[in-house]
Amino acid sequence: MAGMALVERRAALAALTATLAESTAGAGRVAAVTGGLASGKSSLLDVFAGQVADSGALLLTATGSRGERAIPLGAVGQLVSGLADDGVGTLADRVLRAAAERPVVLVVDDVQHLDGASLRALAGLRDRFADAPVLLVFTEWEPLSAGDLTMRADRRVRLGPLSEAGVAELLCAELGDDRATAACHRVSGGNPLLVHALVADHRAGRAVPGNSFRQAVLACLHRWEPRLLEVAQALAVLSGQTSPGLVAELTGSSRAVVARTTGILAAAGLLVGGRFRHDAVPAAVLDSMPADDSARLHLRAAEVLHRRRAAPMDVARLLVAAGQVGGAWGVAVLCAAAADATACDKGEFAVRCLELALPATTGRMRSTTAAALARIAWRYAPAELPCLSEVDTETAVRYALWHASDTVPDLLAQVTDPRAATGFTLGDEWIRGPRATRVARGTPVALWEHSAAALLPGLLRGENDEVVRDAERVLHGCLLGDQTAEVLASALTALAYADRPDRAEYWCGELVAEAGKRGATMWLALLEAVGAEISLRRGAIRTAREQAEVALRRLPARSWGVLVALPLSTIVSADTALGVADSAGLREVVPDTVFDTVMGVRYLRARGQHYLATDRLLAAVADFQACGRFLTRNGIDLPALAPWRTDLAEAHVRMGRRRIAAHLAQAQAELPSCGRLSRARSLRVLAVAEERGLALMQQSAEEFRASGDRFGAAVALAELSGLLAERGEPARSRRVAKTATDEALECGVDDLVDRVLRQGAVTTLERETSGGLSDAEHRVASLAALGHTNREISTKLYITVSTVEQHLTKIYRKLGVSRRSDLPSVLTGHSDRAGA
């Protein structure tokens, strides 16, 4: 510990040692050690006291204490306790008598806290030991002064904060590592106590200031009189508002006292430029305050700032922290701050302001505040829409839309803003589909409004080029906002349905980034859910599932309303593609009203596909038929939304009803609204239903790839590879299987890769006829037989090239071959025997 006390303190110790030598030679001396709070003065005295004891001199010690300042001659009593009681009266007499025997060293720590009588006694001693072997050493805080005693010191030793090099030395000695030097110096300001606290936090596994640092901060603040802590608390509450006049008004002190106190805090390394060096410092200060005291201080600070005409958000921050309004002026401030916070996309703070203000309002003011709170809460903090009975019409419409309420038409009729009515009506179409009775929404003004209204009719007519044009007009011209979020979501969906999922993905990314930057939780969750559906549409299965989960975590379930079906549908569809037998998406409870919406159709279709994949054929048929009834009844028979005919056809194929399946698939292909993806699905079912037609399956694979659905392409190619194998075309089967595995691996669906490898002629082998290959070896062997290089296999299977090489060595040995080119024929031979 002595070594640590001397980091950048050796020169100071040397100065004291030299002064000791001078006094021992018969010249009385006074040495003052000064420095800021916790600068290591006491530690230096401890080391020096050890040297004094070793020198044979008589050591007398005393420590000043704020609590004992009222006790006369308290420090003198501590000093003389080390002297023989020989009846001599004063401190000077007794010290000089002892000095006649051997040198005497008096060490007084924290002299600024000594009582007046003790200070006078030490000054009197100083006047009498000029020619005696007496040394008086005391420590004193800067920027304080013990007056005459300090002025008459023969040597002054000042301990400043540790430099960055000093911090590095200490860290190396304590931790054996100085990589955190810069950060440690920045946080501590070179204060040795704080540096040691950071070391302790590091040892406790904390990479940032932790409990030891907080305790060290409080130890610094409690070492002096109460106003040091009071000023620190005021600075912590005021945060960026740190003018001396403001702090003086809040603490009831003079500007001079505040200036001197902040100087002490700066010398201790806690302040720099009038602000705390690190957020952990004010946090420690505020956390140590009793809750009632903290609330009172925050409220008083708010009143002071309000009187000084501070910005509403600065005042409101203090009111929110206090949890108190403070009166009518506080309500006005909170409402103004909420408006300012909303304008700069700090919605959660705006919600907190209005939640605090609302109980203190009545009459018209309450209605206005409740409406504002509901609007902002919907966008930024939609855990639960507050004060629903008191909200404005537009907020009520938005809530009713997401919960598929039957009140939407009546509420829309009350919306006076034509553009808002247009946006809400289009959003209602996206969620529930066209209504039998349409609310007049005025004449569209902007081009994007005309384009948005044309999206659904264009999709139903199969005019995909026009749909893409109109969707991008909407996305170019419509600004993201509370009245347009659903409109933009419908434009993204239309792009994907018009076989341009690539453009939909681009635009969705732009909107997600904007919503994230603005902190709008509701918009962000909605757009992330749409983005997940677009990823699913492109065949990025794992990505789609992850995005849907992120969206679900963004909002509590009760806030989604019927739109919860959007991310849940994606999760169920992704799980089905991944071969998950029990999808987590089906364990979530959805509102009953969801099945009267387009969102419900998405959910039913996903659930039906999952039932089909897990051999629950009758349940699957029921869901697909429900989809068909809803879509045809509402005039939106759109295969891109739910290809219920080909879904039913797949079920009929499984039940051996190929003729019915072919009829359903053909009927879907003949719809005007059947785009490339829907056509690909129809062709695939027709290929299976019509005794596995090669040409139809190949066309299906080509249409899947052209539509941007890599997963669908991989499935069709896998089936085509199997058909070619059955036709006795192993070489062509292998080429197709290689392409299929490329697509499957890009989708991130391992189960699909295995399906492809099992489907083709090269890899239909059974484990017992393949030399006992492990699952990993089987996959590597199959990919190598298809013509993939070691590096390609490494990339596709997420293993190292070295691992691939090790697998191949074992594979060659087990299959009895010596080179890669033998694999196709060997595996084909196994396949032939397995099928014989």
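This is a predicted model: local features need pLDDT of at least 70, side-chain atom pairs count only at pLDDT 80 or more; totals for chains, interfaces and linings use all residues.
**Gln 668.** I place Gln 668 in helix H35, residues 658-669. I then followed its side chain, which reaches the backbone oxygen of Ser 678 at 3.2 Å. I also listed what Gln 668 touches, leaving out residues up to four places away in sequence. The list holds Pro 639, Pro 643, Trp 644, Arg 645, Thr 646, Cys 674, Ser 678, Arg 681 and Ser 682.

**Asp 637.** Next I checked Asp 637, in the loop between helix H33 (617-633) and helix H34 (644-654). Buried or exposed? Asp 637 counts as buried because its relative accessibility is 16%, and the cut-off is under 20%. I found a polar contact from its side chain to the side chain of Arg 645, at 2.6 Å. Setting aside neighbours within four places in sequence, I noted contacts of Asp 637 with Leu 460, Leu 631, Thr 632, Trp 644, Arg 645, Leu 671 and Ser 673.

**Largest pocket.** I turned to the largest pocket, with a volume of about 1,500 Å³. I read 50 lining residues. Thr 576, Gln 609, Glu 650, Arg 684 and Phe 711 lie nearest the centre. Elements giving two or more residues to the lining include helix H26 (485-497), helix H28 (521-538), helix H31 (565-578), H34 and helix H36 (676-689). Which element gives the most to the lining? H32 does, with seven residues. I sorted the lining by type: 23 nonpolar, 12 polar and 15 charged.

Methods
Residues are numbered from 1 along each chain as its sequence is written. Side-chain values use heavy atoms; hydrogens and water are left out. Helices (H or I, at least four residues) and strands (E, at least two) are DSSP runs, numbered from the N terminus. Buried means under 20% relative accessible area, exposed over 50%, partly exposed in between (1.4 Å probe, protein chains only). A polar contact is a pair of N or O atoms within 3.5 Å; within protein, one must be able to donate a hydrogen and the other to accept it, and residues adjacent in sequence count only if both atoms are side-chain atoms. Contact means heavy atoms within 4.5 Å. On a 1 Å grid over the protein atoms alone, a cavity is a set of points where a 1.4 Å probe fits but cannot get out, and a pocket is an open set with protein on both sides within 12 Å along at least five of seven lines; lining residues have an atom within 4 Å of a point. Grid points are joined across faces, edges and corners, and a volume is the space filled by probe spheres set on the points. Ala, Val, Leu, Ile, Met, Phe, Trp, Tyr, Cys and Pro count as nonpolar, Asp, Glu, Lys and Arg as charged, and the others, Gly among them, as polar.
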